[in-house]
Amino acid sequence: MIVAYSFLRTFLTATITVLISSYFSLSEGYWLVLSATLLSQIHIIDVFKKNIYFMLVIGFVITCHISLSNWLSNQIILLSIYLFIVAFLSSYLALKKTAYYLPVIFINLLGFLSAGIHVGYQLSITRFENTIVGTAVAILVCSILWPPSIKNTVNQLLRNYFFTMDQFQKIIFLLYSKRDYKENSYFYEKELNQKRFNVIKTVQLLQKIGSKIDNSDKKMWRIINHISAVFEIMTMLSNLRYRVQDHSLFEVYEKEFNYFSNTTTLIFREFMMQLNSKSSNQPIKNIKQLTDSILSSVHSFEDIYRSTLQVVTSEPLIYLIFIQNMKDFCKDITLLADDWVAE
Amino acid sequence: MKNLFMIKRAYTQAFAVFVSILASYYYTIEESYWVVISTFLVMQTTIGVALRQSVQRYIALVLSVSIGTVILLWMKEVFIVGMIAAIGFSVSCYLSEKSSPRDGIVTIPLCVGISFFIVMLSPIIPHSDIVHMRLYNVTLGAGIGIIINLVVFPIHVDKEFRNNLIPIFHSYENYLSEIINLLFREEHAKFENAKKYSMKKLLRTQAKFFPDWVYEFGLSIRFQPGHRHFLIMVERVGQILFSMHHIATHSFDSELLQIFKEPIVNYTENAKNIIHAIVSVLYLKNPVEQLSDLSDEVDALEKTFQQVIPVSLELLDMSKDYILLASLITDMKDFRITLIKLAQSLRSSS
């Protein structure tokens, strides 16, 4: 969904600017298209206001950079030194903070292009104006397409959290169905690591917000605590993959694993729907039903453990810990839902 | 260390841009910007797979520039050309995002998309020689980029791997101390802040330094098995610590916890010594002390657990405190096994 939205944003921006450029037969019109389309790709942070601010700053930097590159293009040594300095500083910044990587690439490429296509004073002004208009179009399209209900910073981060957590839990339970985990562990660990880091990034941002919340907003602080706890429990649920030597034992639990994973997806979707709706204080009706159904599958786990695994496996305790973690997950989700709608 | 690496990389890229601008001035006739664009794009590679990724990006550039130029020679209508460029770039961005790359990497679809976009929107009126000219410029630029990437401040994979891991191990050591303090509620008034702070600091260190480029496809065969296995173990240490942190937040019965205090504190001190030793080896120094392999400490924990938990109780009927203590001890056993595996990997490679 997020990827499709990104495609739509880019395509719409490019189409609008191509239409403007060809309808008005703009000279240097390709700068309007280039700057708008490349800027529309910039998505540094999942927070609406901050992202718009970044787009403005980057648009301004691009405009100044291409003007200066064009101005210096007849002085090859000066141009080389200038582009060397820009490339050095921007590359250092991109390495320090990888979120700035794409804007740095675009700034540099547009600078090279501007230096390579030298124009006189009049056309350089036109180029400057077209780039500014391109920035404005990119920001406008981004603002229109950004879902209004999640323009709130915390809502956006929470939405991102539930989305990335869902991906994380899916990969965990997928690993339990993979019989070749031991042979291809690095491949699966790479996927798991990537999904885990996606959650970590959002949890970090939410904890940063949490540390700034004053004592009066206890509800938000409790919510942030709960979502950190849910992430920790999900990490604990993934521990079984390296504790068990023989993954074929997981066949016994395959149905329960799938049920747990699918129901967890429904739970996270329920929270996301809450965030998308106009009022996020409506009672979350289905969460209780869903956690009850997970608990019933946990009881099914316990039955299988009692009847089979307690005898077959050499380390029954690790399954017991896994069962307890599942119960803790249900408990923390219920607490999260309760605090979500509390005053 | 990380700062020095970033400065060197930034300098390499900037130097390549400098050289390619001069080369484009003296050795090209038209559209000299393709030299610099090509240099810049082929240098956007990850550690350990520079040559492979550079060549891939060069091939991607050749294809996109050729196809774009041929379309331009054939199609004259400006609006249609613009729309083709828009669709091509949007699709490439979609494919790039769908492949879920890490931050800080120009994927091949994006490379193709950007160059195709620039070709289609270029104001130069195409003529019959333009394909050869553009390909010449792209090749010149790619050659400069690839050579400078390999020759100027070349990246030593092993060294960068070690430099990235050292701060992670330091943060693991601090985090372990914070977890044990939290467990026994040392400095009681500050423990809430400690909980927030330690988790935040660990997450930040991991995100900044974690060398997941080791997982990139095409990493040298020499590094693949050892480094990847090592990284999986390093990441596992972090996960075990998260698990222990969660357990430490539970309010245990204080009398029960006091019984376990001495073996847990002994275990923690010796575990930290092993982490120190691993860090020493990563610094290419020999560890000074004779170290415990934590087997005695783990035995002490298990013995204490067996003494405390009633033997006749079926496991599913255990109280939550007992289950969490069992979970903590299991985590400590996993922590021990993982640290031993890490230490053994280092010993066999040195």
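Tutor: A residue counts as buried under 20% relative accessible area, as exposed over 50%, and as partly exposed in between. The model discussed here is predicted.

Student: Is A:Arg222 buried, partly exposed or exposed?
Tutor: The relative accessibility of A:Arg222 is 30%.

Student: Which residue meets A:Arg222 in a salt bridge, and how many residues apart in sequence are the parts that the pair ties together?
Tutor: The side chain of A:Arg222 meets that of A:Asp339, at 2.7 Å from N to O. A:Asp339 lies in helix H13 (residues 316-341) of chain A, and A:Arg222 lies in helix H9 (residues 218-237) of chain A. The pair therefore ties together parts whose separation in sequence, in residues, is 117.

Student: Is A:Asp339 buried or exposed?
Tutor: A:Asp339 has a relative accessible area of 11%. The cut-off for buried is under 20%. So A:Asp339 is buried.

Student: In chain B, which residue forms a salt bridge with B:Arg134, and where does that partner lie?
Tutor: The partner is B:Glu31, with the closest N and O atoms 2.4 Å apart.

Student: What relative accessibility do B:Glu31 and B:Arg134 have?
Tutor: Buried requires a value under 20%. B:Glu31 is buried, at 6%. B:Arg134 also counts as buried, at 0%.

Student: Which helix holds both B:Lys272 and B:Glu269?
Tutor: These two residues form a salt bridge, the closest N and O atoms being 4.0 Å apart. B:Lys272 counts as buried at 16% relative accessibility, whereas B:Glu269 is partly exposed at 41%. They are three residues apart, about one turn of the helix, and both lie in chain B's helix H10 (residues 254-282).

Student: How many salt bridges are counted between chain A and chain B, and which residue of chain B pairs with A:Arg243?
Tutor: Side chains of opposite charge can pair when their charged atoms come close. The count between chain A and chain B is three. In one of the salt bridges, the closest N and O atoms are 2.5 Å apart, and the partner of A:Arg243 is B:Asp334.

Student: Which element gives the largest share of the side of chain A that touches chain B?
Tutor: The interface of chain A and chain B has nine residue pairs in polar contact. On the side of chain A, the largest share is 14 residues, and they come from helix H8 (residues 185-212) of chain A.

Student: How many nonpolar residues does that side of chain A have?
Tutor: By class, it has 22 polar and 14 charged residues. The nonpolar residues number 46.

Student: What area is buried between chain A and chain B?
Tutor: In this interface, 82 residues of chain A are in contact with 78 residues of chain B. Carbon and sulfur atoms give 72% of the buried area. That area is about 7700 Å².

Student: How many helices does chain B have, and what percentage of its residues is buried?
Tutor: Chain B has 12 helices and zero strands. Of its 350 residues, the buried part is 54%.

Definitions and conventions: Residues are numbered from 1 along each chain as its sequence is written. Chains are lettered from A and ligands numbered from 1 in the order in which they are written. This is a predicted model: local features need pLDDT of at least 70, side-chain atom pairs count only at pLDDT 80 or more; totals for chains, interfaces and linings use all residues. Side-chain values use heavy atoms; hydrogens and water are left out. Contact means heavy atoms within 4.5 Å. Buried area is the accessible area (1.4 Å probe) that two parts lose on being put together, summed over both. A polar contact is a pair of N or O atoms within 3.5 Å; within protein, one must be able to donate a hydrogen and the other to accept it, and residues adjacent in sequence count only if both atoms are side-chain atoms. Helices (H or I, at least four residues) and strands (E, at least two) are DSSP runs, numbered from the N terminus. Ala, Val, Leu, Ile, Met, Phe, Trp, Tyr, Cys and Pro count as nonpolar, Asp, Glu, Lys and Arg as charged, and the others, Gly among them, as polar. Buried means under 20% relative accessible area, exposed over 50%, partly exposed in between (1.4 Å probe, protein chains only).
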